[in-house]
Amino acid sequence: MTVAQNVRNHLRNKPYLLEALEKGIVNLSELSRQLQAELKVSDTSAIKAALRRYAEELQKHRQKREEKVLHLLRKSSIAVYDRKAVMITAKELNQKGMKVDLLDKFVYLMDRSDMPERTTSLIKHENCTMIVVHSPEELENTPGVVAFLATLLAEQNVNIVEFISCWTETIMVVEKKDSLKAYEVLSNLVG
């Protein structure tokens, strides 16, 4: 295996380094020295050359991917539903709302007023807002949309309690306290 292949394989599982390379914000000399020890390669100049080529390639792909994602999101619409709740249980319940069967757990997304008073839930989030981004059907063939939305909210310190992507709907449930910030960020992006 060549040094370049070794570098690419090593970085494939390090998304934070890939993003730094994509954005051109990493010191290639320092990263070369760090990778030299990890990869047990004696020639840092070969590692640095491989990093430079890989970074250029990533930057081209990132720009194209981001353009496609932004184009799609500009054709999307957004809806906000307040007074939602999320409940995770070990046993199936006869409950209104969305249910996801995770084999040994059940996740329910429901109206807060439908939340049962007594239940053996594992986790409850009672004061939530559901934000739904409705996108064109091309969403299914556009990689990176979900990652883009999640990263955008994470950068604003908004925690997503539940995230469901179903066909043209991207459903994000956030705590009520974060709902205005999440809506502002997403509505500035969505058409």
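A pocket is an open set of grid points with protein on both sides within 12 Å along at least five of seven lines. The exercises below use this term on a predicted model.

**Exercise 1. The largest pocket**

Task: State what volume the largest pocket has, which residues lie nearest its centre, and which helix gives the most to its lining.

Solution.
1. The volume of the largest pocket is about 470 Å³.
2. Its lining consists of 16 residues, and Glu-19, Glu-22, Arg-62, Arg-65 and Thr-151 are those nearest the centre.
3. At least two lining residues come from each of helix H2 (15-23), helix H4 (44-74) and helix H5 (145-155).
4. The helix that gives the most is H2, with six residues.
5. By class, the lining holds seven nonpolar, two polar and seven charged residues.

**Exercise 2. Helix H2 and its cover**

Task: Find which residues of H2 are buried and what covers them.

Solution.
1. Leu-17, Leu-18, Ala-20, Leu-21 and Glu-22 are the buried residues of H2.
2. The cover over these residues includes helix H1 (3-11), helix H3 (28-39) and H4.
3. One of the buried residues, Glu-22, is also among the residues nearest the centre of the largest pocket.
4. Just after H2 comes Gly-24, with a positive phi of about 70°.

**Exercise 3. Lys-84**

Task: Decide whether Lys-84 counts as buried or exposed, and list what it contacts beyond its sequence neighbours.

Solution.
1. Lys-84 is placed in strand S1 (residues 77-89).
2. The cut-off for buried is under 20% relative accessible area.
3. Lys-84 has 15% relative accessibility, and therefore counts as buried.
4. With neighbours within four places in sequence set aside, the contacts of Lys-84 are Leu-109, Met-110, Asp-111, Arg-112, His-125, Glu-126, Asn-127, Cys-128 and Met-130.
5. Met-130, one of these contacts, belongs to S4 and stands opposite Tyr-81.

**Exercise 4. Strand pairing**

Task: Trace the pairing from S1 through S4 and S6 to S5, giving the sense and the number of bridges at each step.

Solution.
1. S1 pairs with strand S4 (residues 121-134) in the antiparallel sense, over ten bridges.
2. S4 in turn pairs with strand S6 (residues 169-175), again antiparallel, over seven bridges.
3. Along this second pairing, His-134 stands opposite Glu-169, and Thr-129 has Val-174 as its bridge partner.
4. Strand S5 (residues 160-166) is antiparallel to S6, over six bridges.
5. Here Ile-164 has Ile-171 of S6 as its bridge partner.
6. Two residues separate the strands in the hairpin of S5 and S6, where Trp-167 takes a positive phi near 50°.
7. S6 is mostly covered, with five of its seven residues buried.

**Exercise 5. Nonpolar cores**

Task: Determine how many residues the largest nonpolar core has, and which elements give two or more residues to it.

Solution.
1. The largest nonpolar core has 20 residues.
2. Leu-73, Val-145, Leu-149, Leu-153, Met-172 and Leu-186 have the most contacts inside this core.
3. Two or more residues come from each of H4, S4, H5, S6 and helix H6 (176-189).
4. Another core, of 16 residues, lies apart from it, and includes Leu-17, Leu-28, Val-41 and Ala-50.
5. Leu-17, one of the members of that other core, is among the buried residues of H2.

Conventions:
Residues are numbered from 1 along each chain as its sequence is written. This is a predicted model: local features need pLDDT of at least 70, side-chain atom pairs count only at pLDDT 80 or more; totals for chains, interfaces and linings use all residues. Side-chain values use heavy atoms; hydrogens and water are left out. On a 1 Å grid over the protein atoms alone, a cavity is a set of points where a 1.4 Å probe fits but cannot get out, and a pocket is an open set with protein on both sides within 12 Å along at least five of seven lines; lining residues have an atom within 4 Å of a point. Grid points are joined across faces, edges and corners, and a volume is the space filled by probe spheres set on the points. Helices (H or I, at least four residues) and strands (E, at least two) are DSSP runs, numbered from the N terminus. Ala, Val, Leu, Ile, Met, Phe, Trp, Tyr, Cys and Pro count as nonpolar, Asp, Glu, Lys and Arg as charged, and the others, Gly among them, as polar. Buried means under 20% relative accessible area, exposed over 50%, partly exposed in between (1.4 Å probe, protein chains only). Contact means heavy atoms within 4.5 Å. Two strands pair if DSSP finds at least two bridges between them. A nonpolar core is a set of buried Ala, Val, Leu, Ile, Met, Phe, Trp, Tyr and Cys residues joined through side-chain atoms within 4.5 Å.
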